[in-house]
Amino acid sequence: MKDIKEILKERILVLDGAMGTMIQRHTLEEEDFRGDKFKNHEHPLKGHNDLLSITRPDIIKDIHAKYYAAGADIAETNTFSGTTIAQADYHLEDYVYELNFQSAKIAKEVADEFTAKEPNKPRFVAGSIGPTNRTASLSPDVNNPGYRAITFEELSTAYKQQAKALLDGGVDLFLVETVFDTLNAKAALFAISELLEEENKDIPVMVSGTITDASGRTLSGQTTHAFLISLEHAPLLSIGLNCALGAKELRPYLQVLGKESPFLVSAHPNAGLPNEFGEYDESPEMMASQIKEFLDEGLINIIGGCCGTTPDHIKAIADLAAQYEPRKMLVEV
């Protein structure tokens with residue numbers, strides 16, 4: 001199979017859309033999340049989407065297939081909360097390896113099926129590594145600004161455990177995503193580099209940050225340029241932005257990356273901003289028309305969708321992206 005780095009020189013690659021949005025289309029109850037394996041678990045599990053890779057793999061497999069069929073080149077594993085830190089909310093820390101391994105395995109099986117049918121369009125799997133629900137840079141206690149709820153070492157240990165399971169499950173690359181605190185991302189990158197060195201493997205790493213509001217900064221206070229500078233030391237495949245904003249609102253920050261990044265640039269925005277009910281109203285056509293501006297300006301190498309996006313959104317984006325050349329690299333990867 002052709003190397004993803006070679007393909008990225010030739011064309012824009014398409015990332016899949018929202019996993020949660022697609023899961024919500026199913027009317028799932030507590031029993032679906034529990035299955036037989038967690039029937040007697042003492043804590044509520046409804047809404048724990050990552051767990052469906054174990055208890056309802058049919059649903060997760062079908063979602064991956066729908067996104068690949070819509071034109072996605074890369075699918076993210078169903079592992080956004082796949083660390084011991086995030087799993088502590090559900091008292092499921094002991095199942096982190098299985099959860100990540102199974103998620104990667106499911107996605108890889110679907111990717112291989114599509115690649116076999118369309119060898120000229122190989123499909124890839126990105127191990128999704130979310131930000132956790134702790135921040136290494138900020139205090140959760142307004143009365144004690146020096147306090148931290150997590151250490152760099154604790155984060156790195158948790159990320160390494162997740163990355164090992166994803167690697168064993170067969171992912172083609174890692175995606176450290178929805179980064180709101182660059183120190184968390186650095187812990188993830190440290191863990192991944194340590195793991196790959198130990199395993200004597202070399203697979204690409206993507207990083208995607210999130211601008212949390214109209215200030216144009218991450219939650220920990222960095223501008224897009226500062227976020228880039230903080231991570232320039234790492235050997236990344238790509239750096240980009242996802243979540244929090246729609247394509248229209250994301251554009252000025254992507255322009256910064258497009259101009260300054262020595263890496264490839266990715267984006268997977270939401271389907272607009274949420275309405276008063278927390279839902280996303282942008283149609284595939286509306287979203288594609290805004291993403292066209294990214295493409296016209298030559299800002300993008302990898303494009304997809306985050307909250308509120310569906311296979312219909314991804315199809316509209318993929319059809320559009322196929323008409324454009326990828327952003328030119330400032331230096332060769």
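Residues are numbered from 1 along each chain as its sequence is written, and side-chain values use heavy atoms, with hydrogens and water left out. Because the model is predicted, local features need pLDDT of at least 70 and side-chain atom pairs count only at pLDDT 80 or more, while totals for chains, interfaces and linings use all residues.

E76 lies in strand β2, residues 74-76. Helices (H or I, at least four residues) and strands (E, at least two) are DSSP runs, numbered from the N terminus. E76 is buried but has no salt bridge. Buried means under 20% relative accessible area, exposed over 50%, and partly exposed in between (1.4 Å probe, protein chains only). A salt bridge is a side-chain nitrogen of Lys or Arg within 4 Å of a carboxyl oxygen of Asp or Glu. For E76, the nearest side chain of opposite charge is R123, 14 Å away. Lys and Arg count as positive and Asp and Glu as negative; His and the chain ends are not counted. Leaving aside residues up to four places away in sequence, E76 touches L15, D16, H64, A126, S128, L175, E177 and H268. Contact here means heavy atoms within 4.5 Å.

Helix α11 (residues 247-260) packs with helix α12 (residues 284-296): their axes come within 9 Å and cross at roughly 15 degrees. α11 is therefore roughly parallel to α12. Axes are lines fitted to C-alpha atoms, for helices over the stretch in contact, and angles run from 0 to 180 degrees between N-to-C directions. Angles under 35 degrees count as roughly parallel, over 145 as roughly antiparallel, 65 to 115 as roughly perpendicular and the rest as oblique. The crossing of α11 and α12 is right-handed. A crossing is left-handed if the near helix is turned anticlockwise from the far one by less than a right angle, and right-handed if clockwise. On the α11 side, A247, K248, R251 and L254 meet Q290, I291, E293 and F294 of α12.

α11 also meets helix α10 (residues 224-231). Their axes come within 9 Å and cross at roughly 40 degrees. α10 is therefore oblique to α11. This crossing, too, is right-handed. T224, H225 and L228 of α10 make the contact with Y253, V256, L257 and E260 of α11.

The structure holds 25 salt bridges. One of them joins E6 and K9, with the closest N and O atoms 3.4 Å apart. Both residues sit in helix α1 (residues 4-10), three residues apart, so about one helical turn separates E6 and K9. E6 is partly exposed at 38% relative accessibility, and K9 is partly exposed at 44%.

R56 and D32 form a salt bridge at 2.7 Å, N to O. This pair links distant parts of the chain, 24 residues apart: R56 is in the loop between α4 (52-55) and α5 (57-70), and D32 is in helix α3 (residues 30-34). R56 is partly exposed at 24% relative accessibility, whereas D32 is buried at 17%.

E113 and K61 also form a salt bridge, at 3.5 Å, N to O. E113 lies in helix α7 (residues 96-117) and K61 in helix α5, so the pair ties together parts that are 52 residues apart in sequence. E113 is partly exposed, with a relative accessible area of 39%. K61 is partly exposed, at 31%. A network of salt bridges links K61, K105, E109 and E113.
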